[in-house]
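Hi,

Here is the structure I promised to pass on. Have a look at it first, and then read my notes below.

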Amino acid sequence: MVRRWVIAVVVSLFSFVLVAFALVRLTATDERVPITQPGPLVVIGVPGQSWENLSARSNPALWPLLDVAATGSSSVRATSTPTCTPDAWLSLGAGDGARVGCGPTPSPQVSGTGATWPRWADWRRDNDDLRSPPDLGLLASELAARRQCVAAVGPGAALAAADRSGRVARYWPSTSGADLAACAVTFVDLGTPTGAARPDADAALARVFDSVPGNATVAITGLSDGTADRPALRALTLVGPRVARGTIWSPSTHQEGFAQAADLTATALARFDLTPEGVAGQELAVIPSTAPVGTLVDRNRTLERSINESNHALTPFFVGLAVLYVGAAAVAYLAWRRTRRPPAWLRPGAVLLSALPVATYLVSLVPWWTGGPVLLWYALGTFAFAGAVTLVALLGPWRRWSAGPAVVVAGVTAAVLALDVISGSHLQLLALQGLQPLYGGRYYGMGNAGFGVFATAVLLLGGLLAARLLWWDDADDTDRRLAVATVVLVGFAAVLVDGWPSWGADFGGPPALVVGTALLACLVLGLRITWRRALLIAGAVVLIAAALAVLDWLRPASSRTHLGRFVQQVIDGEGLGVVGSKLSQNWELLTSSPLTVLVPVAMVAAIWAVVRPDSPVGRPLVPLWEQVPLLREIVGAVLACWTVAFLLNDSGVGVPATGAQLAVPLLLAIAASAPRPEEQDA
């Protein structure tokens, strides 16, 4: 009886900590001051500008502005990687990723005081073929409906200032003679025809400021990756009479000092209370700060460097991880086959491998990107955190139970990822298996890679705790009910964390978790999965997903996440197109590499091993199923969760790929414990 209460208390404390921490986060948000624009908005594009290449000495015109400015970094991702300058300008006018083609920046045909783009209709047709077609010329056309114009200085800026017909209301080829007060919004191009920043960009910036009206709000943006061969964050500075000094904040990223390029489009439209659905960004705000300029600049440089280095380390990381896992599996297989028993090092080695996924998030707590051989520092930091988790898993009293270390690793993994999304996804933002913001995917919440690890950890944690309750010889109906309650409680907490709009903001994850949790609860109760029960589970999935989306939709349009925006798209009759786009993206990712095709093949083989343990595929796993009660059922629930997430999410192939990094080593660690349940010291 004591053991029952110990497990119940542990699970309850786990859920209580999550809820308590969430309440703290909900009641302790930084002050965010909106940007109210008394005059025109002037957007100055300096292609490729980043905080790394800015200094007081080389930028005498820009640097003094930082004393009164709001600063941050921007993701400039459009449709190409890296993002070229023409695409970046065209995307600003559309409020979403658009393409005109990389190469020399085209020039418009000057017509009176304005200009036109002769090839505009061709560009519109070309963009209509994109997965998410942008609305070219949205900004200028929406403002024209309010009797406001958009002006352009320079050919690149004319791409952003054109309306839906390709006409630019006011156009000047250069800053000489330009009237920056003529329109509500003016784009200024300080780039060369090749898409790089002008060599005299800072001096040109000073000349622009000589013509800026005193009541104007000025945004200086790095705009694009310029001529760089790698994507990176770019500098963003806002200054004006009603712009607070501090750090830029955007509702579209939920990250301090981090915005999207499309947020500038949304900010320009918000002045006239316009929030078109086609705009990917949201109105910018500022978190006030009295910190010295050097401190704010260092903070921006740290954010840029950490995300840029994380992106650069992607390929070496995944290659190294694949070599490590395959090599460890091969060595373990050969050693086991030679001695007919698991080698002594297999259990701690497998636990260490299973701790690597959570360590790839925890390593973001230390500045591994600051200098020197960053890949070496990253690897050392990751193994240090994985080693710490491994020591906790192997040295506690739970080590005497074959699944004890697995419970500890799963619990630590679930808790770390849950607390991270509740507190703002700062670890996932930087993690190599995190959000990858440079590719314009997600900037907060639970990404697909993180969900694969999180969902696997949650189901293993709840299932193995339930199995422990059913382990003892005197287990009765009370134990079974407590076991089911444990599964449901852990699963419910995970669904809440993953699906809540302000935390995980995940649309495809909660249905998958509900399926896995409901299936596991039924199996713990000893119920067969009939068609009726399957339909009830499906109904619960639809109900929970719809409830989370509608709750988000009820918020103001400017505060909605993609959950609420999807509800609006369904209302507008665009829901099927969105679903089709996600399925198309998943299919393209699946067929993009021979390795990704192996993921569903491996999943089918694993499902067959669970459903038909007497088959040639499943027979080698029979001894493993016998070691821990419910282990086969737990693995089945995990596979069901992966399958649903794989089908519902764009880039869903990442869910089983990352989940397996946790599940496979933990199963191997359990198998290496050798004794059967009846031989265990209960």
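Three strands make up an open sheet, ordered 4-5-7, with antiparallel pairing. The edges are strand 4 (109–111) and strand 7 (167–168), each with a single partner strand, so one side of each has no neighbour in the sheet. Helices (H or I, at least four residues) and strands (E, at least two) are DSSP runs, numbered from the N terminus, and two strands pair if DSSP finds at least two bridges between them.

Before going further: this is a predicted model, where local features need pLDDT of at least 70 and side-chain atom pairs count only at pLDDT 80 or more, while totals for chains, interfaces and linings use all residues. Residues are numbered from 1 along each chain as its sequence is written, and side-chain values use heavy atoms, with hydrogens and water left out.

Back to the sheet. Strand 4 and strand 5 (residues 114–116) run antiparallel and are joined by three bridges; Ser111 has Gly114 in strand 5 as its bridge partner. Thr116 also lies in strand 5 and is partly exposed, at 27% relative accessibility (buried means under 20% relative accessible area, exposed over 50%, partly exposed in between, with a 1.4 Å probe and protein chains only). Leaving aside neighbours within four places in sequence, Thr116 is in contact (heavy atoms within 4.5 Å) with Pro108, Gln109, Gly166 and Arg167. Thr116 and Ala162 are 46 residues apart in sequence, yet their C-alpha atoms are 7.6 Å apart.

Now the charges. The structure holds 10 salt bridges (a side-chain nitrogen of Lys or Arg within 4 Å of a carboxyl oxygen of Asp or Glu). Among them:

- Arg99 and Asp126 meet at 3.0 Å, N to O. This pair links distant parts of the chain, 27 residues apart: Arg99 is in the loop between helix 2 (85–94) and strand 4, and Asp126 is in helix 3 (residues 120–128). Arg99 is partly exposed at 29%, and Asp126 is partly exposed at 30%.
- Arg207 and Asp200 meet at 3.4 Å, N to O.
- Arg299 and Glu256 meet at 3.4 Å, N to O. Arg299 lies in helix 8 (residues 293–312) and Glu256 in the loop between strand 12 (246–249) and strand 13 (258–260), so the pair ties together parts 43 residues apart in sequence. Arg299 is partly exposed, with a relative accessible area of 38%, and so is Glu256, with 36%.

Through salt bridges that share partners, Arg124, Asp135, Glu142 and Arg164 are joined into one network.

On to the helices. Helix 16 (residues 509–524) has its end C-alpha atoms 22 Å apart, which agrees with the 22 Å that 16 residues should span (the expected span is 1.5 Å times one less than the number of residues). Of those 16 residues, 14 are buried, so helix 16 is largely enclosed by the rest of the structure. Gly526, with a positive phi near 80°, follows helix 16.

Thr456, in helix 14 (residues 448–469), is buried at 1% relative accessible area. Not counting residues up to four places away in sequence, Thr456 touches Phe451, Val638, Trp642, Gly659, Leu662 and Ala663.

By contrast, Leu554 is exposed at 58%, in the loop between helix 17 (531–553) and helix 18 (562–571).

Cheers
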